Amino acid sequence: MSSPDMEQAVPPVCRCAPAAPGVHARPAGRTPLGLERIRIAPESLLGRWQERNASRTIPHCIEQLEVSGVMDNFRRVIGESDAPYRGFVFADSDLYKVIEAVAWEIARSGTHHFDTWLDDAIALIGRVQEPTGYLHTWIQGVRPDKRFAELDRNHEMYVLGHLIQAAVALDRAAGRDDLLQIAIRFAALVDRRFGPGREDGIPGHPVIETALIELYRHTGEVRWLRLAEHLINQRGHDILPDEGFGHRYYQDHAPVRDAVDPTGHAVRQLYLNAGVTDLYLETGEPALHDVMRAQWERAHERKMYLSGAFGSRHRDESFGNDYELPADRAYAETCATIADLHWTWRMLLAGQDRRYADTMERELYNALAAAVDETGTRFFYSNPMQRRPDRFSEENAPAERQPWYSCACCPPNIARTIAQAGAYVATVLQSADGPVLELHQLVACEIDLSDVLGGGVLAVRTRYPADGGISLHVNGPALLPGAAVRVRIPAWVEDVTLRAGGGQRSVSDAERARGYVQIPADEVDGATLQLPLRPRWTTANHRVDAVRGAVALERGPILYCLEQADLPEGAAVDDVFLPGPPVVAELPLSAKDPAPALRVGLSVRAPEGELYRPATWGGATMPSRGVEANLVPFSTWGNRGPGAMRVWIPTI
């Protein structure tokens, strides 16, 4: 069991023997398309975001790695800097996430702009790595006595997980494996120490699970799949200490296959779920899919904000109870939305359910889009649904976006997610009649169909989400006979018109219920769909006490909010209400906004009043006056400076 490069011999005290991978039939799910096959149109909303990510956000993150001390943390370990250690114990992961962002940008655009930086950064990482494979600058440079001693808080496996993800991405995108060899050496050390049949140990912060499975997919070495399964199987066996926020905080309160309730630190739960779903995709174990589907439904039907955000409590960055969704005290961490995007994408690959793609769309265009401003260099860590005019500013919940944070997980996470967003657009499903391309995200793009559907390039033309028109064009060889294209019909759509094959028809109720309309191969070229984008008012379940008696405005996938900047003088966001359904008018679309502003008639109460007053019945109301104001896409709030904002507008 021991080896010359193992740091110390450990007794085989594991209590959780893993099942052998592959004992179940691997599920026949959807096949993702590589980034090289999908090119999002640069003039589209998502395409403009990717261009801004490449030109502004990634360079900003690289600059901040120096400013925040992350790079010096590596240099000081080997005597190349005398700066003190700065940041949290997991600060190394910021560098790895930025490298991953660069890798996916290489895959997306073929850029060589970052090559010199990559050379220098990877060379530095290699010099810091120890002969054993160990690599963690806080432990190496500050507390070597803590090596693998406090897995709940020192984040060695979490940091390794991001290292692996960056390394795999870089090898796939650029064909360079120098970082991959570094990652494999560290992963091998963890396997020798905490692998099956060895010492008990699981990370306090998941992410290594899905990283190891991706490493298995990339290298074909089953040891990484076995290690990932082993770490997942150990959950709920009282391995992490029950201190601080307790076992639920770490998702260590119950075995994974029994844990149907999302709980604890939201980001950790959602990253863990991505790994568990990856394990199902590789092993086909039905129990894993069953528990993930049950937990997905509970998370998204009882604990998700309308914007696609998660986490209702600041104290432990956690999910609250079912329906505990305060608007003004929402933590709604950006990384939680990103983690759920990763998990929900894997659930989409595993199952036939339109809700997965709908949810990803909601997250991309609302919670995630709101987390970064129009310059691409200022960020929200938390994303509340209401900002009071006198709300105090907290470190991770400031009144306006910040260029960086002491806990800087969110900015580089945004960078790596947007760089790879094209991978979420479409998948291929093998049906009895032939291959089917499924268009999950309604974005202007070009999709290479060669060796997939036998055709050339599928061009999707649309201005969605500003406009609901979508057209399909096949450039090059015709699609294979029996092939088809399925286009997602969002759940909020009431009627859809399809023109294809020289005819026109309405999409049937059955097709809308399934969530996709299928177009045969010989009718794809020139096919068009028209999704009506009508403003609609949304209310929450009556158990969401925080917004009972309030409504929110949506148009297509875009959520709207009211900002103080759009109210007339003397009217305050906190005093606004709707006495009845107002007329909503669309304003002309500006070049930089994702959807048009909506003009709404509102009522405003007097700004002051008693804290409590006698109840009135039978329709009696407090004095008020009417005003008109623009509601703007939630993703754009705060771009005009700090100020009050609300998504949910009271009706009483």
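## A buried lysine and its partner

Lys-303 is buried, its relative accessible area being 5% (buried means under 20% relative accessible area, exposed over 50% and partly exposed in between, with a 1.4 Å probe and protein chains only). The model is a predicted one, in which local features need pLDDT of at least 70 and side-chain atom pairs count only at pLDDT 80 or more, while totals for chains, interfaces and linings use all residues. Residues are numbered from 1 along each chain as its sequence is written, and side-chain values use heavy atoms, with hydrogens and water left out.

The side chain of Lys-303 forms a salt bridge with that of Asp-261, at 3.1 Å from N to O (a salt bridge is a side-chain nitrogen of Lys or Arg within 4 Å of a carboxyl oxygen of Asp or Glu). This pair links distant parts of the chain, 42 residues apart: Asp-261 is in the loop between helix 9 (222-233) and helix 10 (266-283), and Lys-303 is in the loop between helix 11 (286-302) and helix 12 (334-350). Helices are DSSP runs of H or I with at least four residues, numbered from the N terminus. Asp-261 is partly exposed, at 23% relative accessibility.

## Other salt bridges

In the whole structure, 54 salt bridges are found. One of them joins the side chains of Arg-354 and Asp-358, at 3.2 Å from N to O. These two residues are separated by about one helical turn, because they lie 4 residues apart in helix 13 (residues 354-370). Arg-354 is buried at 11%, and Asp-358 is buried at 14%.

Glu-511 pairs with Arg-505 in a salt bridge whose closest N and O atoms are 3.0 Å apart. Glu-511 is buried at 9% relative accessibility, whereas Arg-505 is partly exposed at 34%. A network of salt bridges links Arg-172, Glu-214, Arg-217, Asp-278, Glu-282 and Arg-346.

## Nonpolar cores

The largest nonpolar core contains 171 residues, and Leu-95, Trp-117 and Leu-472 are among those with the most contacts inside it (such a core is a set of buried Ala, Val, Leu, Ile, Met, Phe, Trp, Tyr and Cys residues joined through side-chain atoms within 4.5 Å). Apart from this core lies another, of 25 residues, including Tyr-305 and Trp-637.

## Surroundings of His-136

His-136 occupies the loop between helix 4 (115-128) and helix 5 (137-141) and is buried, with a relative accessible area of 0%. A polar atom of the His-136 side chain lies 3.0 Å from the backbone oxygen of Asn-154.

Technical notes
Polar contact = N/O pair within 3.5 Å; in protein donor to acceptor, adjacent residues only side chain to side chain.
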